[in-house]
Amino acid sequence: MSAPQQMRAWQYTNNRGGVAKKLRLESNVKVPKPSGPKEMLVKVLTISLNPVDHKPAETLLYHFTFSKPTTPGADFVGEVVQIPPGCSFQKGDRVFGTAKNAFAGGMLAEYAIADTDRVVLLGDITPEEGAAIPIAGLTAYQSILPRVKPKSRIFINGGSGGTGTFGIQIAIAAGHTVTVSCSGRNAEVCRSLGAEVIDYTQSTLFQDLKAASIQRKFDLVVDNIYTTPELFWKAHEYTTKDALYVLTPFTPTSPSFMKHFLPMKLLPRFLGGGQRKLINFFSQPDLDQLTQMRDWIADKQIKVVFDCALPFEQAKQAFERIATGRTVGKIIVKVAETRSGEKDRDSVRSLDT
Ligand SMILES: NC(=O)c1ccc[n+]([C@@H]2O[C@H](COP(=O)([O-])OP(=O)(O)OC[C@H]3O[C@@H](n4cnc5c(N)ncnc54)[C@H](OP(=O)(O)O)[C@@H]3O)[C@@H](O)[C@H]2O)c1
């Protein structure tokens, strides 16, 4: 397979009103050329959306650090078209991973550059599953597994999003027990994955956590939401002495975020600071962990929860949906038709079903 000179790509050149509002499907975009020793050209098959695809771009960072026009999209599955010398991949291989720079993206296009050291072979999972894994899956993996002893009790604040649905399953598969917060309408999804549920819309979350911890306190808190700083300040009332409080959202350009975050991070215990260690977390690319996630999915030990899958032409709606913050599992954009005979995903719906 060789690449054409031009392709279709979704792009925006200013962020006023949000990425979804500004995105345009351009049809005469030059197909990028690999230049570095690790760069290969891929034909993009699917991408999945994460909050990182729009949140940093909607801050001041956009004006200083993003190249324009900007093509969003970080997590992808692609078919290798062109490889650098000495590359272990071959033309036609299907690979999945994250763009070199997750903030800058670049994958919501028919062709894109991928770094050879940020992808692994798709193996026996589908392009929808592969695209869903990288950022959400590795965030779930890294925020939980390296931080707990065997048979821990874990609280995940925000169980129904892309990260939470992976987190529940990874933790349970590793032998831990999990309680999550989610709204009543998503309770069944979280329960079906094996979690106990606290409906954050019905109660004072902190009071319910305290009640839930009477028999046994929590050993780890993973906060995917961060709208209730009380959960950190009073963590000693529902967690064990050594428990960590892992915060996954991090928005240094947001004054309201920093106003709460700085005292949480900097105020020492003896001056009234929090009594549990706060970890502000950034997921890191890790090929072994990506491979492990792929194999767990192939072996059906965990599954991807899909919010919806939309065709390339409806990527704008996909961005509108992620911006609502109401996603249940992962949003997929199908960039290209995949090979015929591929197993169809009954679990992936379009937005209007
Ligand atoms: N640091 C990193 O490396 C890293 C990596 C990935 C993600 N993150 C961050 O982690 C967070 C989660 O990411 P994600 O991909 O899982 O997001 P997501 O898929 O967009 O999360 C949406 C889910 O959050 C739930 N939710 C919203 N408000 C809630 C609340 N107050 N309590 C409980 N659940 C609530 C929604 O359910 P309802 O509609 O029912 O409320 C929805 O199911 C984001 O802030 C993201 O920026 C950080």
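This tour moves through the structure stop by stop, naming what to select and what is found there.

The model is predicted, so local features need pLDDT of at least 70 and side-chain atom pairs count only at pLDDT 80 or more, while totals for chains, interfaces and linings use all residues. Residues are numbered from 1 along each chain as its sequence is written, and side-chain values use heavy atoms, with hydrogens and water left out.

**The second largest pocket**

Strands are DSSP runs of E with at least two residues, and helices are runs of H or I with at least four, both numbered from the N terminus. Which strand gives the most to the lining? Strand 6 does, with four residues. By type, the lining residues divide into 13 nonpolar, seven polar and four charged. In this division Ala, Val, Leu, Ile, Met, Phe, Trp, Tyr, Cys and Pro are nonpolar, Asp, Glu, Lys and Arg are charged, and the others, Gly among them, are polar.

**Backbone features in loops**

Select Lys68 and Pro69, which are joined by a cis peptide bond with omega of about -5°. Pro69 is placed in the loop between helix 2 (61-65) and strand 4 (75-82).

Proceed to Lys151, in the loop between helix 4 (134-144) and strand 8 (153-157). Its phi is near 55°, a positive value in a residue other than glycine. Lys151 is exposed, with a relative accessible area of 62%; exposed means over 50%, buried under 20% and partly exposed in between (1.4 Å probe, protein chains only).

Lys300 also has a positive phi, of about 65°, although it is not a glycine. Lys300 lies in the loop between helix 10 (287-298) and strand 14 (306-311) and counts as exposed at 67% relative accessibility.

**Salt bridges**

The structure holds 13 salt bridges, each a side-chain nitrogen of Lys or Arg within 4 Å of a carboxyl oxygen of Asp or Glu. Select Glu110 and Arg8, whose closest N and O atoms are 3.1 Å apart. Glu110 is in the loop between strand 5 (94-98) and strand 6, and Arg8 is in strand 1, so this pair ties together parts that are 102 residues apart in sequence.

Then display Glu196 and Arg153, a salt bridge with closest N and O atoms 3.7 Å apart. Glu196 is in strand 10 (residues 196-199) and Arg153 in strand 8, 43 residues apart. Is Arg153 buried or exposed? Arg153 counts as buried, at 9% relative accessibility.

Finally, select Glu237 and Lys210, which meet in a salt bridge of 2.9 Å, N to O. Glu237 lies in the loop between helix 8 (230-233) and strand 12 (239-247) and Lys210 in helix 7 (residues 205-212), so the pair ties together parts 27 residues apart in sequence.
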